[in-house]
Amino acid sequence: MSELEDYGEAFEDDHPRVFKLVTGEEIVTTVIRTDDHYFIIEVPLEIRYNSIKQSMFLTKWMFGADYSKVMTLAGTSIVSVSTPEDIVSENYVE
């Protein structure tokens with residue numbers, strides 16, 4: 001069994017997750033499933049910080065991507081995965 005398959009049961013619900021990527025980006029997304037090397041995700045949004053307003057906001061992570069389709073996220077590009085704060089989760093759902 002692969003390392004990512006071990007996570008499979010942790011993503012069986014429809015709750016969004018926050019991924020910290022090796023690039024430093026943080027994205028919030030829903031995980032559809034995992035396979036040997038990838039997370040299959042939908043609607044990934046990047047968490048950004050506005051230093052002038054001192055607030056967070058969500059924006060498309062990949063501007064050229066078709067957000068009506070699922071996407072893949074390589075397991076090797078992930079530093080950590082966590083449950084989002086309530087405010088992030090609420091804004092993601094909107």
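## Briefing: a six-strand, one-helix chain

The chain exposes about 6300 Å², and carbon and sulfur atoms supply 49% of that area. Keep in mind that this is a predicted model. The chain has six strands and one helix, and reading along the sequence you get β-β-β-β-β-β-α. Here's a quick tour, from the overall picture down to a few residues in and around strand β3.

**Overall make-up**
- Of the 94 residues in the chain, 35% are buried.
- Take the contacts with a separation of 6 or more: 51% of them link residues 24 or more positions apart.

**The nonpolar core**
- The largest nonpolar core is made of 18 residues.
- Phe-19, Leu-21, Val-28, Phe-39, Ile-41, Trp-61 and Leu-73 have the most contacts inside this core.
- Two or more core residues come from each of β1 (17–21), β2 (26–34), β3 (38–50), β5 (71–74) and α1 (86–93).
- The top contributor is β3, which gives four residues to this core.
- As background, nonpolar side chains in soluble globular proteins tend to be buried together.

**Leu-21 and its neighbours**
- Leu-21 is among the residues with the most contacts inside the core.
- Leaving out residues up to four places away in sequence, Leu-21 touches Ile-27, Trp-61, Leu-73, Ser-77, Ile-78 and Val-79.
- Two of those partners, Trp-61 and Leu-73, are also on the list of residues with the most contacts inside the core.

**Leu-45 in β3**
- Leu-45 sits in strand β3, and it counts as buried because its relative accessible area is 15%, under the 20% cut-off.
- Leu-45 and Ile-27 are 18 residues apart along the chain, yet their C-alpha atoms are separated by 5.3 Å.
- Setting aside residues up to four places away in sequence, Leu-45 touches Glu-26, Ile-27, Val-28, Leu-58, Thr-59, Lys-60, Trp-61, Tyr-67 and Tyr-92.
- Ile-27 and Trp-61 turn up among the contacts of Leu-45 and among those of Leu-21.

- Val-43 isn't a glycine, but it has a positive phi of about 50 degrees.
- Val-43 belongs to strand β3, and its 32% relative accessibility makes it partly exposed.
- Gln-54 is another non-glycine residue with a positive phi, in this case near 50 degrees.
- Gln-54 is found in the loop between β3 and β4 (55–60).
- Gln-54 is exposed, because its relative accessible area is 61%, over the 50% cut-off.

Note on methods. Residues numbered from 1 in each chain as written. Predicted model: local features only at pLDDT ≥ 70, side-chain atom pairs only at ≥ 80, totals over all residues. Heavy atoms only, no water. Core = buried A, V, L, I, M, F, W, Y, C linked by side-chain atoms within 4.5 Å. Buried < 20%, exposed > 50% of the residue type's maximum accessible area, 1.4 Å probe, protein only. Contact = heavy atoms within 4.5 Å. Areas by Shrake-Rupley, 256 points an atom, 1.4 Å probe, with all protein chains shown as cover.
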